[in-house]
Amino acid sequence: MWASVASAVGGEHADVSALYTSPDGDPHEFEPSSADTARVQDANLIVMNGDHYDHFMEEAAADAKGAEVVAADVRSDKTRGNEHVFYDLAAVADTANAIANELAEIAPAHAAYYRDRAGVFNSQINGLRAALADIKAHHDGTEVASTEPLAAAVLTDAGLVDIAPPGFVDAVEQGQSPSAADRAKFDDLLTQHRAKVLIYNRQAVDPSTQAVLDTARKARIPVVEFTESLPEGVTDYIAWQRGQIDALAKALNG
């Protein structure tokens, strides 16, 4: 996802590659190869999420001579969301600007080009934020439930309240099995129709999340799938988030 942001800014005057590109796997479990580490060490600019989300990048970038942009560090409001900084649209805009500034230092001849592209990208981010504001205008305070706190900042901007049991969510995020009590609490939210939508992280799937998904479908609760990396065939950050935000709006509108 951060490579797609860097590509949006760098355009034809940057050679961007991503270490992790799987649309299905869990980024938390990725381990870079020696070749991956060499690519990071050779890069003029290294872009990462930070907050220990992509710890493999922090390790690979150790002692690297290239400039670094760490999204978690450049975000202007660190109280928004969580370590999934790529779901905090304001922070993504901050990161795009930071990338443009670093690229301008690396290749001054293209400085205006990078900053212009960052401006275009940020205008598109504003469009996404407007779509979330529209959801909030119609659904402010609506309760939803997430299998993992992936899109916390997006849900907040949309005025939605995530009522998933904290114990369930924490266990899934840590790669552990939620307790029977927390699984029952989650099921109750769905069968009693307290949660109007299930937000399902399709890249953090285990028997407990699959069971929640099955319960939601049986209860006819709309399910919106969110991902931690770009889906198959999608290379554009804006298109990725637009698709998810549109799906969320559709689910809420019934």
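Is lysine 65 buried or exposed? Lysine 65 counts as exposed, at 82% relative accessibility. The model shown in these close-up views is a predicted one.

**View 1. Lysine 65 in the loop between helix H3 and strand E2.** Helix H3 spans residues 55-60 and strand E2 spans residues 67-70, and lysine 65 is found in the loop between these two elements. The C-alpha atoms of lysine 65 and isoleucine 46 are 9.6 Å apart in space, and the two residues are 19 residues apart in sequence. The relative accessibility of lysine 65 is 82%, so this residue is classed as exposed.

View 2. Arginine 75 lies in the loop between helix H4 (71-74) and helix H5 (89-106). A polar atom of the arginine 75 side chain lies 2.5 Å from the backbone oxygen of arginine 80. When neighbours within four places in sequence are left aside, the residues in contact with arginine 75 are Asp51, Arg80, Gly81, Asn82, Val85, Asp88, Ala91 and Asp94.

**View 3. Packing of helix H5 with helix H6.** Two packed helices are described by the angle between their axes and the distance between the axes. The axes of H5 and H6 (residues 111-139) cross at roughly 175° and come within 9 Å. H5 is therefore roughly antiparallel to H6. On the H5 side, the residues that meet H6 include Leu89, Val92, Ala96, Ala100 and Leu103. On the H6 side, those that meet H5 include Tyr114, Ala118, Phe121, Ile125 and Leu132. By class, the contact of H5 with H6 has 15 nonpolar, three polar and two charged residues.

**View 4. Packing of helix H1 with helix H6.** Helix H1 (residues 2-10) packs with H6 at an angle of about 125°, and their axes are 7 Å apart. At this angle H1 is oblique to H6. From H1, the contact is made by Val5, Ser7, Ala8, Val9 and Gly10. From H6, Tyr113, Tyr114, Arg117, Ala118 and Phe121 take part. The residues of the contact of H1 with H6 divide into seven nonpolar, two polar and one charged.

**View 5. The aromatic pair of phenylalanine 121 and tyrosine 237.** A pair of aromatic rings is described by the distance of the centres and the angle of the planes. The whole structure holds 11 aromatic pairs. In the pair of phenylalanine 121 and tyrosine 237, the ring centres are 6.1 Å apart and the planes stand at 50°, so the pair is tilted. Phenylalanine 121 belongs to helix H6 and tyrosine 237 to helix H11 (residues 237-253), so the pair ties together parts that are 116 residues apart in sequence. Phenylalanine 121 is buried, with a relative accessible area of 3%, and tyrosine 237 counts as buried at 1% relative accessibility. Ring pairs link Phe121 and Tyr237 with Tyr53, Phe86, Tyr87, Phe226 and Trp240 into a cluster.

**View 6. Histidine 52 and its positive phi.** Most residues other than glycine have a negative phi. Histidine 52 is not a glycine, yet its phi is positive, at about 65°. Histidine 52 is placed in the loop between strand E1 (45-48) and H3. At 60% relative accessibility, histidine 52 counts as exposed.

**View 7. Histidine 193 and its surroundings.** Histidine 193 has a positive phi of about 60°, although this residue is not a glycine. Histidine 193 is placed in the loop between helix H9 (180-191) and strand E5 (198-201). With a relative accessible area of 37%, histidine 193 is partly exposed. Leaving aside neighbours within four places in sequence, histidine 193 is in contact with Ala219 and Ile221. A polar atom of the histidine 193 side chain lies 3.1 Å from the backbone oxygen of alanine 219. The C-alpha atoms of histidine 193 and alanine 216 are separated by 9.2 Å, the two residues being 23 residues apart along the chain.

**View 8. Proline 32 in the loop between H1 and helix H2.** Helix H2 spans residues 34-42, and proline 32 is placed in the loop between H1 and H2. Proline 32 counts as partly exposed, at 26% relative accessibility. Leaving aside neighbours within four places in sequence, proline 32 is in contact with Leu19, Thr37 and Phe56. Proline 32 and tyrosine 20 are 12 residues apart in sequence, with 8.5 Å from C-alpha to C-alpha.

Methods. Residues are numbered from 1 along each chain as its sequence is written. This is a predicted model: local features need pLDDT of at least 70, side-chain atom pairs count only at pLDDT 80 or more; totals for chains, interfaces and linings use all residues. Side-chain values use heavy atoms; hydrogens and water are left out. Helices (H or I, at least four residues) and strands (E, at least two) are DSSP runs, numbered from the N terminus. Buried means under 20% relative accessible area, exposed over 50%, partly exposed in between (1.4 Å probe, protein chains only). A polar contact is a pair of N or O atoms within 3.5 Å; within protein, one must be able to donate a hydrogen and the other to accept it, and residues adjacent in sequence count only if both atoms are side-chain atoms. Contact means heavy atoms within 4.5 Å. Axes are lines fitted to C-alpha atoms, for helices over the stretch in contact, and angles run from 0 to 180 degrees between N-to-C directions. Angles under 35 degrees count as roughly parallel, over 145 as roughly antiparallel, 65 to 115 as roughly perpendicular and the rest as oblique. Ala, Val, Leu, Ile, Met, Phe, Trp, Tyr, Cys and Pro count as nonpolar, Asp, Glu, Lys and Arg as charged, and the others, Gly among them, as polar. Rings of Phe, Tyr and Trp (its six-membered ring) pair if their centres lie within 6.5 Å; planes under 30 degrees apart count as stacked, over 60 as edge-to-face and the rest as tilted.
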